[in-house]
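Please open the model in your viewer and keep the sequence panel beside it. We will go through a few selections together, one stop after another.

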Amino acid sequence: MTNSKLDTYKHKGLRIKLVEIVKNKGITDESVLAAMQNIPRHFFLDNAFDKIAYEDRAFPIGEGQTISQPYTVAYQTQLLNIKPREKVLEIGTGSVYQATVLAELGALVFTIERQKKLYEKNLIAYPFRNKYKNIKFFYGDGYKGLPTFAPFDKILITAAAPYIPDDLLQQLKPNGVLVLPLGSDETQTMTRITKGIDGSFTEEKFEDFVFVPMLKGKAES
Ligand code: SAH
């Protein structure tokens, strides 16, 4: 990530095409599509990958981690149905692209990363720090959530969760929603959990995706 990047007409053109692809794959929420149109995804990758940034694919960002595929980001965001000023907890900051989409939709974003290097890099090099003051970065284990800042309207897990972490269910507000790729096999099933006002939970299943695993504990390097 570098601050010397430009968002040219060429990049904007590539972005229009990318949003079209995501739309053709079935994303219908216009606010999600508009947010993606507004965010220069090439700022989240090294300079050499400007064109690849606008292909609908995941991409390595270092430390063995990936920036999620645009379609996947759109899919999870659409399931969350974000409204301005909602408090949203994201597990797996990674490149900060997904957090930026949530911030562009007006959410107050709390994002946790377990890898110290990635967390520190994001603190220093996040290119939109001044634009999106509504993103707060944390270094920690997403399985535990952020009890100090709970409860949240929405929680999003962006790594493959082998089970639904109970701490995260506890940190949801009544009517709150948790979206996660669930499973420990090669593919995971996108799952949405809604907390009732009586504290009960409803589960909905969606399409299958491939995520990097949600790992336990913090990584020091
Ligand atoms: N939302 C990211 C996707 C990154 S990939 C983006 O838009 O780019 C998933 C990320 O989850 C990785 O950075 C990985 O280190 C992180 N992760 C995995 N297990 C975690 C955990 N228990 N707590 C916090 N982050 C975790």
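Predicted model: local features only at pLDDT ≥ 70, side-chain atom pairs only at ≥ 80, totals over all residues.

**First stop: α1 and α2.** Select α1, residues 9-24, together with α2, residues 30-38. Two packed helices are described by the angle between their axes and the distance between the axes. For α1 and α2 the angle is about 155°, and their axes lie 9 Å apart. Angles over 145 degrees count as roughly antiparallel, and α1 and α2 are therefore roughly antiparallel to each other. The crossing of these two helices, α1 and α2, is right-handed. To see where they touch, show the side chains of Lys12, Arg15, Ile16, Val19, Val22 and Lys23 on α1, and those of Glu30, Leu33, Met36, Gln37 and Asn38 on α2.

**Second stop: α3 and α4.** Next, select residues 70-80, which form helix α3, and residues 97-104, which form helix α4; the two pack at an angle of about 40°, with their axes 11 Å apart. α3 and α4 are therefore oblique to each other, and α3 passes α4 in a right-handed crossing. Which residues of α3 and α4 meet here? On the α3 side they are Val73, Gln76, Thr77 and Leu80, and on the α4 side they are Tyr97, Gln98, Val101 and Leu102. The residues of this contact of α3 with α4 comprise 5 nonpolar and 3 polar ones, with no charged residue.

The buried residues of α4 are Tyr97, Gln98, Ala99, Thr100, Val101, Leu102 and Ala103. Following the chain onward from α4, you come to Gly106, whose phi is positive, near 95°.

**Last stop: the cores.** Now select Phe44, Tyr97, Val101, Leu102, Tyr126 and Ile135, which touch the most other members of the largest nonpolar core, a group of 49 residues. Among the elements that each supply at least two residues of this core are α1, α2, α5 (116-125), β5 (135-139) and β7 (172-182), while α3 gives the most, with 6 residues. To finish, select Phe110, Ile112, Leu146 and Phe152, which are included in a second, separate core of 20 residues.

How values were computed: Residues numbered from 1 in each chain as written. Heavy atoms only, no water. Axes fitted to C-alpha atoms, helices over the stretch in contact; angles between N-to-C directions. Helix = DSSP H or I, 4+ residues; strand = E, 2+ residues; numbered from the N terminus. Parallel < 35°, antiparallel > 145°, perpendicular 65-115°, else oblique. Left-handed = near helix turned anticlockwise from the far one by under 90°. Contact = heavy atoms within 4.5 Å. Nonpolar A, V, L, I, M, F, W, Y, C, P; charged D, E, K, R; others polar. Buried < 20%, exposed > 50% of the residue type's maximum accessible area, 1.4 Å probe, protein only. Core = buried A, V, L, I, M, F, W, Y, C linked by side-chain atoms within 4.5 Å.
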